[in-house]
Amino acid sequence: MIAARLSRRADELRAARTPFVVATVVRAQRPTSVHTGDAALVLGDGTIEGFVGGTCAEQSVRLHALRALETGEALLLRILPGDGEAPAAEGAVTVQNPCLSGGSLEIFLEPMLASPRVLVVGETPIASAVARMGAELDLDMVVVAGADVEPAADDLALVVAAHGRDELSALRRGLEAGLPYVGLVASRVRGSAVVAELYAEGLAEERLADLETPAGLDIGARTPEEIALSILARIVAVRRSEQTLSVRVVAPAPAAAHEPATAIDPVCGMAVAAVAQTPHVDHEGRRVYFCCDGCRSTWTRSHVPQ
C-alpha cells in the first residue's frame, strides 16, 4: 500500500495537473532490498520519490515509467538478474539487469495523467448539461464566465453556450490559444453573425476556421441533454482521433515522440533513460549515461585523466 506521505504527494500532483507514474512492487524475490507493496512516484523529468529498488533497478523503473507516461498505458515491469535477451509479453516488459546480485522484481507501473480540461462558458441549461455529462466522460469540466476565460496550453476544448453574453471575448481567447476544439452553441444564422464580428475585429481567417457553430454533431438534438450529447461526442472525437471529424486535421506524432530518449551504459550494457536524473559524465562534448555510480566510476577511471 502506498505510504501516507506518497499519497499526499500524489494528491498534490493531481491538483497541479502534473502527470506522474505510480510504481508499486508486486513481487520481490530474495535477495532484494525492497518488499512487496513498496511504492514510488516517477515524475516526467525522471525524478523518483519513494523506493522500489536499488540504483540499478531504479534505472529500469525510471526508463519504463517514462515510457508508460508517454503512452498512457500501464505495464508490468519484470527485472531479472543477468544479461542477454528477455522474453516479451503483452502488457509486460522483462529486462535482465547485469548489475543485480540476485533475486528478481515485478513492479506495476501505472501512469496518472491529468483529465483533459474543457472550459464551459454560460449559465444556461445547455451549459449545465455539458458540464454535468462531461464529468462522466473523465473530462475535467470547468465552468467559467466569458470574461474570465484563460485557456491553458493543454486544454482540450472551449464550449460557449451563453446565449450572447460575453461570447466574443471567450471565443477569441479560445481560438487564439489554438485549442483543439472551440464550439459556439447558436443557430446557423447567429453563428455566422458572430464569425463576421470576430473577423471585423481582426481575428485571422485561419483561426476562425477552427470555430464550430452550431457546436456538436448534427444528430437532430433538441433538448439541452441531447445538445450536450452532440457536443461531447464531437469533443470525444477530437480527444481520441488523429483526424477529428472535419474539425481539424492533427498530424500523427512521429514514433520517436512516444519513446523517451535512451542511452546504453558503456560499462554494463544496460539501457537507461537519458535524463538529468540518471548518473552521467560530460566528456569530450558528449554526455555519457550510466546505470549507477559504480559504472560511472569504472568508466571515468579509464577515460578521464586523473
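Begin with the open sheet of 5 strands, whose order is 8-7-9-10-11 and whose pairing is parallel. At its edges are strand 8 (140–144) and strand 11 (211–212), each of which pairs on one side only. The model on display is a predicted one. As background, strands of a sheet pair through backbone hydrogen bonds, either parallel or antiparallel.

Next, select strand 7 (residues 117–121) together with strand 9 (residues 157–160). These two strands pair in the parallel sense over 4 bridges. Within this pairing, display Val120, which stands opposite Val159 in strand 9.

Helix 3 lies across both strand 7 and strand 8. Relative to strand 8, helix 3 runs at about 155°.

Is Ser230 buried or exposed? Its relative accessible area is 4%, so Ser230 counts as buried, the cut-off for that class being under 20%. Show the side chain of Ser230 and the backbone of Ile227: a polar atom of that side chain lies 2.7 Å from the backbone oxygen of Ile227. Then display the residues around Ser230. Once its neighbours within four places in sequence are set aside, Ser230 is in contact with Ala215, Gly216, Leu217 and Ile219.

Continue to helix 8 (residues 293–303). Which residues of helix 8 are buried? They are Cys295, Trp299 and Thr300. These residues lie on the same side of helix 8, because they cover an arc of only 130° around the axis.

Finish with the rings. The count of aromatic pairs comes to 1. That pair is formed by Phe290 and Trp299, with a centre-to-centre distance of 5.7 Å and an angle of 55° between the planes, and the arrangement is tilted. Both partners can be checked for burial. Phe290 has a relative accessible area of 0% and is therefore buried. Trp299, at 5% relative accessibility, counts as buried too. Trp299 thus belongs both to the aromatic pair with Phe290 and to the buried residues of helix 8.

Note on methods
Residues numbered from 1 in each chain as written. Predicted model: local features only at pLDDT ≥ 70, side-chain atom pairs only at ≥ 80, totals over all residues. Heavy atoms only, no water. Buried < 20%, exposed > 50% of the residue type's maximum accessible area, 1.4 Å probe, protein only. Polar contact = N/O pair within 3.5 Å; in protein donor to acceptor, adjacent residues only side chain to side chain. Contact = heavy atoms within 4.5 Å. Phe/Tyr/Trp six-rings, centres within 6.5 Å; stacked < 30°, edge-to-face > 60°. Arc of directions from axis to C-beta. Pairing = 2+ DSSP bridges. Axes fitted to C-alpha atoms, helices over the stretch in contact; angles between N-to-C directions.
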